[in-house]
Amino acid sequence: MSDPLIIVGSGMAGLGLARQVRARDARRTITLITADSGSDYSKPLLSTGFAKGMPPERLAMRSPIDVADALQMTMRTHTRVDTIDPRTQTLAIGAERLPYGDLVLATGAAPSAPFTVADEVRDRVFTINDLDDYRRFHDVLSHHGGVARVARVAIVGAGLVGCEFADDLLAGGHRVALVAPEQTPLARLLPPPLGQVLGAALSKSGADLRLGRSLAQLQRDDEALSLVLDDGEALPADLVLIATGLSPRTALAETAGLAVSEEGIQTDRYLATAQPGIHALGDCACVAGLNAMYVQPLQASAKALAATLTGTPTPVAYGAWPVLVKTPSCPVVALPPRQAPVRWRIEGEGDDLSALAEDENGYLQGFALTGACVRRKVELARVAPPLLP
């Protein structure tokens, strides 16, 4: 029998790898360990559920029991790995010591808040990074707003997650305020003229944009909350959704003495760490100096690593894969350049804009598109450089 493969994490990376390995090897022993419920779901759908009236149980495609049966593997849910001992190739789970042949860390990334949430408001402040988070938020949201079930939700952060949830909650009939220090939404993906187009669309849909503003304090106000902004204004809300970015989960890797940084667990193009038998995958991994927290790089990595783990060493490569932002009020597609461009060349008019990121020689390094211009994504992706050649 082959050495056991243990995967830590049941998100798109962990489950995707398990499927790929099983497709190539029907016999290998696979154990998947996860700190959450282990349900099989599509994470991108989390920010589309409120517009569609989707309760959490409808987002879960298969239960962990069904997943384990289908892949003929062991799945341990609500289980946390305490430490890794590379010398003995074992995991510590309480008093238990679990041996592995190959270990894959697919621990994902955790929401990162630039402020501390006080205990007295904690029950009204949320992040949504997985199905369990969505379930908790959905449950509380459904009990707010009286008969109309219209809640006031303040979203802190105007990046990808903040904008997608703002659009989704507005479409679901809720009142949304968007607070962020940047002057325009999606500032890391869009140059200002395109960010202004998205901001105008969100405003037209009913969003109260408080951009160029920071949160100074969160206060309890009877059954509601009050967000005190940096200019002293108090913004009322029933619930707060924090969407201020993600940080790779690297704590477990550090127990094994693995090289980590703010970008994640350091791996080579084979997703291998410096410790024999240990790999990292998905949002927690920094592959050859790049952490691309998007679906297509994750899927490519899972496919390449499955080949490596089943006897065909395969380096991963990332193409020029644009990000499709789920904001139906304003279609947005972006391929962010790896380095800050020398210039953005803006084309189009009105809500239909193309922004081309160019280097000093005029070569395309990335792009951003809004409105009808999103149809250019295939054309431009063909000539843009790959994320990881």
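Before selecting anything, a word to keep handy: buried means under 20% relative accessible area, exposed means over 50%, and partly exposed is in between (1.4 Å probe, protein chains only). Helices (H or I, at least four residues) and strands (E, at least two) are DSSP runs, numbered from the N terminus.

You're looking at a predicted model, where local features need pLDDT of at least 70, side-chain atom pairs count only at pLDDT 80 or more, and totals for chains, interfaces and linings use all residues. Residues are numbered from 1 along each chain as its sequence is written, and side-chain values use heavy atoms, with hydrogens and water left out.

**Stop 1: helix α8**

How far does α8 reach from its first C-alpha to its last? The span is 21 Å for 15 residues, close to the expected 21 Å (1.5 Å times one less than the number of residues).

Now color the helix by burial: 11 of the 15 residues in α8 are buried. Among them are P297, L298, S301, L305 and L309. The buried residues of α8 pack against β1, α1 (12-24), β9 and β22, where contact means heavy atoms within 4.5 Å.

**Stop 2: the parallel sheet**

Two strands pair if DSSP finds at least two bridges between them.

Zoom in on β1 (residues 5-8) and β2 (residues 30-33), joined in parallel by four bridges. Opposite I7 you'll find L32 of β2.

**Stop 3: a three-strand sheet**

The open sheet here runs β15-β16-β17 with antiparallel pairing. β15 (215-221) and β17 (234-237) are its edge strands, each pairing on one side only. Six bridges link β15 to β16 (residues 224-229), and L215 has L229 as its bridge partner in β16.

**Stop 4**

Is strand β27 (residues 352-358) largely enclosed or open? Six of its seven residues are buried, so β27 is largely enclosed by the rest of the structure.

On one side, β27 pairs antiparallel with β26 (residues 343-349) over seven bridges, and W344 stands opposite A357. Two residues separate β26 and β27 in their hairpin, and G350 in the turn has a positive phi of about 60°.

β27 also pairs antiparallel with β28 (residues 364-370), over five bridges. Here A355 faces A368. This hairpin has five residues between its strands, including G362, with a positive phi of about 85°.

**Last stop: the cysteines**

How many disulfides are there? The count is zero, taking a disulfide as a pair of cysteine sulfur atoms within 2.5 Å. Pick C286: the nearest cysteine sulfur, on C284, is 11 Å away. C286 is buried, at 3% relative accessibility.
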